[in-house]
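Dear colleague,

I am handing over the structure shown here, with an account of what was found in it. Please keep the structure open while you read.

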2 protein chains.
Amino acid sequence: MNIKSLLAKRVQGLKPSPIRKLVPIMRTPGMISFGGGYPNAQTFAFTSVDVVFKSGRRFTIQDKAIDLACQYGPTDASPDLKPHIVRWHADKDGVSLGTEQIQVLTGAQEGLHVMAYLFLNNEDSVIMSEPTYSGTLGAFRAFTERFIPVPLDAQGMVTADLERILAKMASAGERLPKFIYDIPNGHNPAGVSLSLERRKHLLEIASRYDLLILEDDPYQLIQLEDREPLPTLQALDHEGRVVRLDSFSKIFAPGLRLGYASGPAEVIGFFQLYKQGLNLHTSAMDQALLAGFLANHTHTEFRTLIRENIGLYRRNRDAVLAAAQKHLPADVRYNVPEAGLFIWFELPAGFDAERMVETDGVELGILMVPGAGFSMTGGLKNYVRASFSMINLEQVEEGMIRFARMIERERGRIG
Amino acid sequence: MNIKSLLAKRVQGLKPSPIRKLVPIMRTPGMISFGGGYPNAQTFAFTSVDVVFKSGRRFTIQDKAIDLACQYGPTDASPDLKPHIVRWHADKDGVSLGTEQIQVLTGAQEGLHVMAYLFLNNEDSVIMSEPTYSGTLGAFRAFTERFIPVPLDAQGMVTADLERILAKMASAGERLPKFIYDIPNGHNPAGVSLSLERRKHLLEIASRYDLLILEDDPYQLIQLEDREPLPTLQALDHEGRVVRLDSFSKIFAPGLRLGYASGPAEVIGFFQLYKQGLNLHTSAMDQALLAGFLANHTHTEFRTLIRENIGLYRRNRDAVLAAAQKHLPADVRYNVPEAGLFIWFELPAGFDAERMVETDGVELGILMVPGAGFSMTGGLKNYVRASFSMINLEQVEEGMIRFARMIERERGRIG
């Protein structure tokens, strides 16, 4: 792919930091350096950080390691973390990444932002499923408001529609979207996963129209049927057109804001160039905590921990589905999510979920997220997203009774 | 000020997250919420984090606090940290901030970026001293390449020149810059601090032309003469036109990436709106570590720790100045930095510091940062920045001898 030709105009202004450029000279043996403007490690507030993990394992960041965790670090990744990411990615996805193909992010959300910054002029568009993650719309809207919606069903994005839409745009001579965006596992909010056949079809289509793909996959490992996830778009791609976002928010802890982008070295190079001016690098302390976790747990142990967490989510999902079946009216539609944290309820046509939640939610004591926030077209008014991640099992049945009551009130309003 | 009229066109696309909007409903007593898509705290990897500070104080993040440090948090600041910031800011600057006037950042660098995103269309300009911090140029160049240089001397930005330049632009009917940017203490790279008289003059000028001011102040507390810092621009301002960036990088630890913006609630509201899509929030773990430090040290104790660190920097500065006086030729000019970490050396006219460092640096074993990286005009070729923060005292004399040798080689080249 000719990446440079796809970049937004604003990217021209990015230049490498004059200081980071000197790092190789700094490393000359015997060098007396007045170069780096870093604070002296003696001034850092920390002596040590001792971590106990839920697994029972513990480790301590001290001596040289605490200085590294407290000091400015490289923009792409902390040197201690990067090899762990390479190994984990290879094990998890079967994809072997070069060291220039990884950019650690302040959460995968930052990757959505960086992609928008790098590629989206305000006249550019992205093509993606409707609904889509509201945070994606938030990130992309910082640079463009042009989104091309593709329908989605129980198998994920309807790639036949993707193909049809692009063919129509191409034959009309319209400016094609800059990239295809998808959440292939446990889609937020729709709860669906992209089938293997459609993954392959999506790649074929991207190839035909020479489009980049942004694969946003925070729920990959939250497989509620305890199956292995399907191959990633990145793993299936042989043309270097997938930029993939991995997140540690659902398998480690979201508060630390840790994710990473991987993909063609040229694109990742631009991630790095932009992130220098954005925030220099992702917290070195957070990276040290993740590196310590990965150093003290085998991949098998990490997978076992994830599987235990999935057990919790599966029980929650099943409880909500059972109560929904028992209490919701027959004209409310939803599907069984095989991955992720969400059930997407379609209410009868004419329903206004926003009005419903804002009018009745507080009084009935029930909250779901209205679908409109996940729409790029101002639609999806008769949908709500229900998250089962944090629910109290004892309240699920009562919750669905209240939801049914809320639905009937809204039905009354539309008459 | 009419902030809305100053915003870049791209800001129109920003919308609040539909989920964060529901938070007040979520807090209704008795609410059964399927709203927040947060992972369940039971799945987080951490049981506890036990910190030992260099002061000898220790504290442990555990129970509810570890769940909060591991979970997604509010965009503006972690609830545990914000009151500490309000108190510290009031004590340090004599400025009382409302809770809507603070945005915690992934390092103050992120604040430079956010200001550029919010205010700089590609035809907009910023007015600031030449030289300026290279990371500022990096952040701003992501959106514009128009910079208006103002000379700088031992008292900081020459505000008489600032006044003259703006008057000329205004009378020629030119588009005025969107804001004035300055680093008022221990300027990076110039090592100078803005005098009180010029602080007041700068505010007067901003008021006359109705301009915002971006006060970037990471070296405020690194006062090498052990004097109290001068009043901040924000403290001297009575018109709500200063956005101030504070950093914990030089007084706590830079690796955690912690800073904050403070200023008019309307501007900070846009910071928050943008940061939602950018990276949701600054690491809650890093915020918990800082909150723990501030909870376990009085302001007096914190100031004492900072003063001890300043002692180290002062010794380093004095050693470099003594060796420079002894070994450098008389036509090399520099001044004594009263704050910060840098000495800015002016070499004779015609010198090309980039060539000099790249040609001779490795061979002679001496590194300084060429001035060109701090120039918005492609100038400053005969300057170098020397940082004294991380030097080895025993190598300083030899370092200045090598620097003198490097200078003579360059002098030979220009003949």
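The notes below go from the pairing of the chains to the parts within each chain.

This is a predicted model, in which local features need pLDDT of at least 70, side-chain atom pairs count only at pLDDT 80 or more, and totals for chains, interfaces and linings use all residues. Residues are numbered from 1 along each chain as its sequence is written, while chains are lettered from A and ligands numbered from 1 in the order in which they are written.

**How the two chains are related**

Chain B is superposed on chain A by a rotation of 180° with 0.0 Å of shift along its axis, and the RMSD is 0.0 Å. This is the relation of a two-fold axis. Within chain B, D50(B) has the C-alpha nearest that axis, at 2.5 Å. The superposition is by least squares on the C-alpha atoms of residues with pLDDT of at least 70 in both copies. Both copies use the same surface, since 100% of the contact residues of chain B recur in chain A.

**The interface**

In total, 99 residues of chain B are in contact with 99 residues of chain A; two residues are in contact if their C-beta atoms, placed from the backbone, lie within 7 Å. Strand β2 (residues 46-53) of chain B gives the largest share of the side that touches chain A, with 8 residues. Helices (H or I, at least four residues) and strands (E, at least two) are DSSP runs, numbered from the N terminus. The side of chain B that touches chain A has 49 nonpolar, 38 polar and 12 charged residues. In this count Ala, Val, Leu, Ile, Met, Phe, Trp, Tyr, Cys and Pro are nonpolar, Asp, Glu, Lys and Arg are charged, and the others, Gly among them, are polar.

Strand β2 (residues 46-53) of chain A runs antiparallel to β2(B), and 7 bridges join them; strands pair if DSSP finds at least two bridges between them. V52(A) has S48(B) as its bridge partner in β2(B). S48(B) also stands opposite Q62(B) in β3(B). Between β2(B) and strand β3 (residues 58-62) of chain B there are 5 bridges, again in the antiparallel sense. These two strands, β2(B) and β3(B), form a hairpin with 4 residues between them, and G56(B) in the turn has a positive phi of about 100°.

**The sheet in chain B**

In chain B, 7 strands form an open sheet of mixed pairing, in the order β4-β12-β11-β10-β9-β5-β6. The edges are β4 (102-105) and β6 (146-150) of chain B; each has a single partner strand, so one side of each is left without a neighbour in the sheet. From one strand to the next, the twist averages 20°. Strands β11 (residues 242-247) and β12 (residues 259-262) of chain B pair in the antiparallel sense over 4 bridges, and L245(B) has A261(B) as its bridge partner in β12(B). Helix α10 (residues 265-279) of chain B lies across β4, β11 and β12 of chain B, at about 40° to β4(B). For such angles, axes are lines fitted to C-alpha atoms, for helices over the stretch in contact, and angles run from 0 to 180 degrees between N-to-C directions.

**The domains of chain A**

The domain assignment of chain A gives domain 1 (39-297) and domain 2 (301-414), with bounds that come from an automatic or database domain assignment. The centres of these domains of chain A, taken over C-alpha atoms, are separated by 27 Å. Across the boundary, 27 residues of domain 1 of chain A are in contact with 26 residues of domain 2 of chain A. On the domain 1 side, α6 (134-141) and β6 (146-150) of chain A are the elements that give two or more residues.

Yours sincerely
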